[in-house]
Amino acid sequence: MILLTSPEIATDRTEISVYGDLDVMTGVELRRVIGALTAVKLELDLAHVTFLDCAGVRILLWADERMRDLGGSMIILRPSDLVLRLLRLLELDQCLVIRQSGGAVGTGRTATGD
């Protein structure tokens, strides 16, 4: 199961926390929520993701592209060890902005408004 929350919604920034599996079944809901955003800065908290497959990775790439199409940016916050390991194996830390609590991990693009 996946639980999406938007604890902080502002005119230009939205934070979404994802819980549980991020796969083909649950990715549909994440895509729906992100597709409806009007904010140009998305902070996607993946600290509580326990499973990530190729469909989930594709949703992350789509979300990053969507935010850039809106003239904004996406930052992956506090990815779980599993998520970070997979993103590194796929070398997506070279093109996605990833931040852990200790600082930047992937800095493929510079996020605006940091």
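Predicted model: local features only at pLDDT ≥ 70, side-chain atom pairs only at ≥ 80, totals over all residues.
Residues are numbered from 1 along each chain as its sequence is written, and side-chain values use heavy atoms, with hydrogens and water left out.

The protein has three helices and six strands, where helices (H or I, at least four residues) and strands (E, at least two) are DSSP runs numbered from the N terminus. Read from the N terminus on, these elements follow the order β-β-α-β-α-β-α-β-β. Of the 114 residues of the protein, 46% count as buried; here buried means under 20% relative accessible area, exposed means over 50%, and partly exposed lies in between, with a 1.4 Å probe and protein chains only. Contact means heavy atoms within 4.5 Å, and among the contacts in the protein with a separation of 6 or more, 59% are accounted for by residues 24 or more positions apart.

A nonpolar core is a set of buried Ala, Val, Leu, Ile, Met, Phe, Trp, Tyr and Cys residues joined through side-chain atoms within 4.5 Å, and the largest one holds 26 residues, of which I16 and I34 touch the most other members. Two or more residues are given to this core by each of strand 2 (13–22), helix 1 (24–35), strand 3 (41–52), helix 2 (54–69), strand 4 (73–77) and helix 3 (81–89). Helix 2 supplies the largest share, which is six residues. When residues up to four places away in sequence are not counted, I34 touches I16, L42, W62, A63, R66 and M67.

Helix 1 and helix 2 also meet as a pair, for their axes come within 9 Å and cross at roughly 10°; such axes are lines fitted to C-alpha atoms, for helices over the stretch in contact, and the angles run from 0 to 180 degrees between N-to-C directions. This crossing makes helix 1 roughly parallel to helix 2, since angles under 35 degrees count as roughly parallel, over 145 as roughly antiparallel, 65 to 115 as roughly perpendicular and the rest as oblique. On the side of helix 1 the contact is made by V24, G27, L30, R31, I34 and G35, and on the side of helix 2 by A55, I59, W62, A63, R66 and M67. The residues of this contact divide into eight nonpolar, two polar and two charged, where Ala, Val, Leu, Ile, Met, Phe, Trp, Tyr, Cys and Pro count as nonpolar, Asp, Glu, Lys and Arg as charged, and the others, Gly among them, as polar.

Side chains of opposite charge can pair when their charged atoms come close. A salt bridge is a side-chain nitrogen of Lys or Arg within 4 Å of a carboxyl oxygen of Asp or Glu, and by this rule the count comes to seven. One of them joins E29 to R32, with the closest N and O atoms 2.5 Å apart. Because E29 and R32 are three residues apart in helix 1, about one helical turn separates them. E29 is partly exposed at 33% relative accessible area, whereas R32 is exposed at 52%.

Other salt bridges involve buried residues. K41 pairs with E43, their closest N and O atoms being 3.7 Å apart; K41 is buried with a relative accessible area of 13%, and E43 is buried with 10%. D45 forms a salt bridge with R78, where the closest N and O atoms are 2.8 Å apart. D45 lies in strand 3 and R78 in the loop between strand 4 and helix 3, so this pair ties together parts that are 33 residues apart in sequence. D45 is buried at 8% relative accessibility, while R78 is partly exposed at 35%. R13, E15, K41, E43, D45 and R78 are linked in a network of salt bridges.

R78 has another feature, a positive phi of about 40° although it is not a glycine. E91, also not a glycine, has a positive phi of about 60°; E91 is found in the loop between helix 3 and strand 5 (97–100) and is exposed, with a relative accessible area of 56%.
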